[in-house]
Amino acid sequence: MSMEFEPCTDEYLTMLWEHIDLKAAEEKLADLQYQLTRAAYRKDGAAIEELQNTIVRDLDIKCLAVRHVVGSSSSPGVDGVKWRTPAEKMRGAMSLTSKDYHPSPLRQIMLVAKNTGKKRYPQLPTYRDRAMLVLYGYALIPVTEAYAERKSFAFRPGRSTQDAHAYVIEMIRGEDAPAYIFYGDVKACYAHIQHDWLIEHAPMDKHILRKFLKAGIVFEGELFPSEGEGLSEGSNLSPYLANFTLDGMQRAVYEAIHGTTSPMDYGNGNLLRFADDILVTVRTKEAAETVRQCLKDFLAERGLAFSEEKTRVVRVDE
């Protein structure tokens with residue numbers, strides 16, 4: 001789609017939105033993401049950057065991001081704006097540009113679970129910011145997937161809880177199965193991931209990522225600036241950024257236990273992760289303590305730590 005982005009009437013914008021070939025846009029995005037995945041496997045930084053820029057600048061793909069946001073029936077952000085009409089959706093798509101972009105603070109609300117009374121505090125971006133997050137997610141996810149560990153589950157395309165269950169069974173069955181499991185739970189993972197670490201390492205536009213992370217929060221009319229850590233639970237990018245932050249654990253564990261040993265005992269230090277819950281099979285309690293210290297150091301670099309109450313070593317037969 002090619003056009004001049006001059007101020008337009010609602011009628012003209014409606015016509016543009018209704019004539020978008022969304023099927024063709026989906027095919028274009030799929031092709032670009034395929035190329036991006038191949039570039040990520042090659043670790044071709046120049047190609048990754050070029051393809052990511054192509055994705056986030058394409059108007060048809062911006063329209064897909066808008067369609068995703070308006071299809072979720074989410075509550076509005078601090079501006080109270082929802083895109084309902086075709087003209088509003090098209091105007092929203094045209095507004096998705098990094099030039100002079102400044103995300104609004106997240107609107108934090110309190111929800112109380114009816115059955116438990118437990119309080120949650122989700123943080124809601126504006127529709128424009130949500131669409132920007134989706135758009136940049138189109139360019140980020142193929143890269144993080146290419147870099148992701150094989151036995152990482154939760155918030156990944158094409159993976160399910162059942163897949164994780166199958167791997168757990170595979171890890172502990174058989175006569176030569178490890179006798180112990182180290183179980184680790186990362187304490188308040190979303191709340192404590194360090195912004196500086198993410199900005200330095202995440203494979204996306206650093207300028208935009210910094211703006212997403214530093215947007216701040218509005219709760220009950222008061223603005224709370226970002227404090228250098230934490231991801232929003234209302235952002236569609238957060239699960240992928242969190243997964244990326246935790247990727248690399250398996251290599252760290254094997255290096256800590258085995259060093260340069262070859263052939264390696266893969267059962268001793270075999271790691272499975274579901275979001276921020278971590279299982280590692282080990283042969284001995286000594287190996288479990290090596291895993292604990294290794295992962296403690298790994299997490300500390302990222303501003304994270306284990307929940308001491310939930311982290312433990314148990315025998316498989318228990």
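Is D60 buried or exposed? D60 is buried, with a relative accessible area of 11%, where buried means under 20% relative accessible area, exposed means over 50%, and partly exposed lies in between (1.4 Å probe, protein chains only). The model is a predicted one, in which local features need pLDDT of at least 70 and side-chain atom pairs count only at pLDDT 80 or more, while totals for chains, interfaces and linings use all residues. Residues are numbered from 1 along each chain as its sequence is written, and side-chain values use heavy atoms, with hydrogens and water left out.

**Salt bridges**

- Side chains of opposite charge can pair when their charged atoms come close.
- The structure holds 13 salt bridges, a salt bridge being a side-chain nitrogen of Lys or Arg within 4 Å of a carboxyl oxygen of Asp or Glu.
- One of them joins the side chains of D60 and K28, at 3.0 Å from N to O.
- Because D60 lies in helix α4 (residues 59-70) and K28 in helix α2 (residues 22-42), this pair ties together parts that are 32 residues apart in sequence; helices (H or I, at least four residues) and strands (E, at least two) are DSSP runs, numbered from the N terminus.
- Whereas D60 is buried, K28 is partly exposed, with a relative accessible area of 28%, and a network of salt bridges links K28, D58 and D60.
- Another salt bridge is formed by the side chains of D10 and R91, again with a value of 3.0 Å from N to O.
- D10 belongs to helix α1 (residues 10-18) and R91 to helix α5 (residues 86-94), so the pair ties together parts that are 81 residues apart in sequence.
- D10 is partly exposed, with a relative accessible area of 42%, and R91 is partly exposed as well, at 39%.
- E170 and R173 also form a salt bridge, in which the closest N and O atoms are 2.8 Å apart; E170 is partly exposed at 47% relative accessibility, while R173 is exposed at 53%.

**Packing of helices α2 and α6**

- Two packed helices are described by the angle between their axes and the distance between the axes.
- The axes of α2 and helix α6 (residues 127-147) come within 9 Å and cross at roughly 40°, where axes are lines fitted to C-alpha atoms, for helices over the stretch in contact, and angles run from 0 to 180 degrees between N-to-C directions.
- On the α2 side, the residues that make the contact (heavy atoms within 4.5 Å) include L29, Q33 and L36, and on the α6 side they include Y138, A139 and P142.
- The residues of this contact divide into 10 nonpolar, two polar and no charged.

**Two open sheets**

- Four strands form an open sheet with mixed pairing, in the order β4-β1-β7-β8, and two strands pair if DSSP finds at least two bridges between them.
- β4 (123-124) and β8 (222-224) stand at the edges with a single partner strand each, so one side of each is left without a neighbour in the sheet.
- Strand β7 (residues 217-219) and β8 run antiparallel and are joined by three bridges, and I217 has F224 as its bridge partner in β8.
- An open sheet of five strands, also with mixed pairing, has the order β5-β9-β10-β6-β11.
- Its edge strands are β5 (152-153) and β11 (312-315), each of which pairs on one side only.
- Four bridges join strand β6 (residues 180-185) to β11, and these two strands run antiparallel.

Technical notes:
Ala, Val, Leu, Ile, Met, Phe, Trp, Tyr, Cys and Pro count as nonpolar, Asp, Glu, Lys and Arg as charged, and the others, Gly among them, as polar.
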